[in-house]
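Thanks for making the time, everyone.

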Amino acid sequence: MAPKSVQSAPEASSSDPKHAARATRSAGREMRSRLLDGASRLFREQGLAGTSISDIAAAADAFPSQITYYFRTKEALFVEAACRDMLYVARAAEQAALQVHTPRDYTRALVESVTATDSVAFFAEALTLTRRRQDLAPLVERTIERLHGEGLRAYSNQIERHGWSTLRDPDATSRRFWAIAIGVMVEGYAMGRSAEELCAEMLRVLGEQATTSKAGDRARLRVVDDNNASVSAPPGGETSS
């Protein structure tokens, strides 16, 4: 009796549907990235009204129809590009602040990174646009929540790592930072202020964020000060109520 033949599993090839789907998704991500890169540069230089879909397609070596395929409208592309740039600058700011050892240096590192680019002003334009285009608001909302969430994580890690004592709730500190950044940058760009002036103004408005002493240390210092005051008070001295 002849032995049964054993068939091996077919090898994956470029014609395999799953392989083709992965290749298509990869090509789609690459094209979206190229379009966002080109659009971001043009929008910053020329603004929304001054940039055409044809301009963006040429900058990305793409067809205009690909912009409408991936983003539907120029306005949607504007908002997505601004949101992506905002997250990029937030990540760069967190990386720049990793090497510092004091709360003041941490704040300065964040502020210098943020004010060195126009990404925040670009994002502020997207915020204004979504007031008229509420269909684009969810992307902005997700970006803001991600900014706050990642900012909270980074700040909390620094507090724990160095033993700092935050002067405000960490979540409130993160939200306050970005609210001030947007306000200062919008006002500053309107007034024609330089990056150095923006940095100085933002540092002034932010003020101190944390101290190097822990809350328990401050409590012990208060107790010692109170004891010293009671010892140094003259006998029989009276205080006014």
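This is a predicted model: local features need pLDDT of at least 70, side-chain atom pairs count only at pLDDT 80 or more; totals for chains, interfaces and linings use all residues.

Let me begin with a contact, in which Leu110, Val111, Val114 and Thr115 of helix 5 meet Phe177, Trp178, Ala181 and Met185 of helix 8, where contact means heavy atoms within 4.5 Å. By class, this contact of helix 5 with helix 8 has seven nonpolar, one polar and no charged residues; here Ala, Val, Leu, Ile, Met, Phe, Trp, Tyr, Cys and Pro count as nonpolar, Asp, Glu, Lys and Arg as charged, and the others, Gly among them, as polar.

Residues are numbered from 1 along each chain as its sequence is written, and side-chain values use heavy atoms, with hydrogens and water left out. Helices (H or I, at least four residues) and strands (E, at least two) are DSSP runs, numbered from the N terminus.

Coming back to that pair, the axes of helix 5 (residues 103–115) and helix 8 (residues 170–191) come within 11 Å and cross at roughly 40°, the axes being lines fitted to C-alpha atoms, for helices over the stretch in contact, with angles running from 0 to 180 degrees between N-to-C directions. That makes helix 5 oblique to helix 8, given that angles under 35 degrees count as roughly parallel, over 145 as roughly antiparallel, 65 to 115 as roughly perpendicular and the rest as oblique.

How do the axes of helix 6 and helix 8 cross? They come within 9 Å and cross at roughly 95°, which makes helix 6 roughly perpendicular to helix 8. On the helix 6 side, Val120, Ala121, Phe123, Ala124 and Leu127 meet Trp178, Ala181, Ile182, Met185, Val186 and Tyr189 in helix 8, and the residues of this contact divide into 11 nonpolar, no polar and no charged.

Helix 7 (residues 137–162) has 26 residues and reaches 38 Å from its first C-alpha to its last, close to the 38 Å expected at 1.5 Å a residue, the expected span being 1.5 Å times one less than the number of residues. Among its buried residues are Leu147, His148, Gly151 and Tyr155, where buried means under 20% relative accessible area, exposed over 50% and partly exposed in between (1.4 Å probe, protein chains only). What covers the buried residues of helix 7 includes helix 4 (74–96), helix 5, helix 6 (119–132) and helix 8, together with strand 1 (165–166) and strand 2 (210–211). Helix 7 is followed by Gly163, whose phi is positive, near 75°.

Finally, Glu197 in helix 9 (residues 195–206) counts as partly exposed at 44% relative accessibility. Glu197 and Thr115 are 82 residues apart in sequence and 9.1 Å apart in space, C-alpha to C-alpha.
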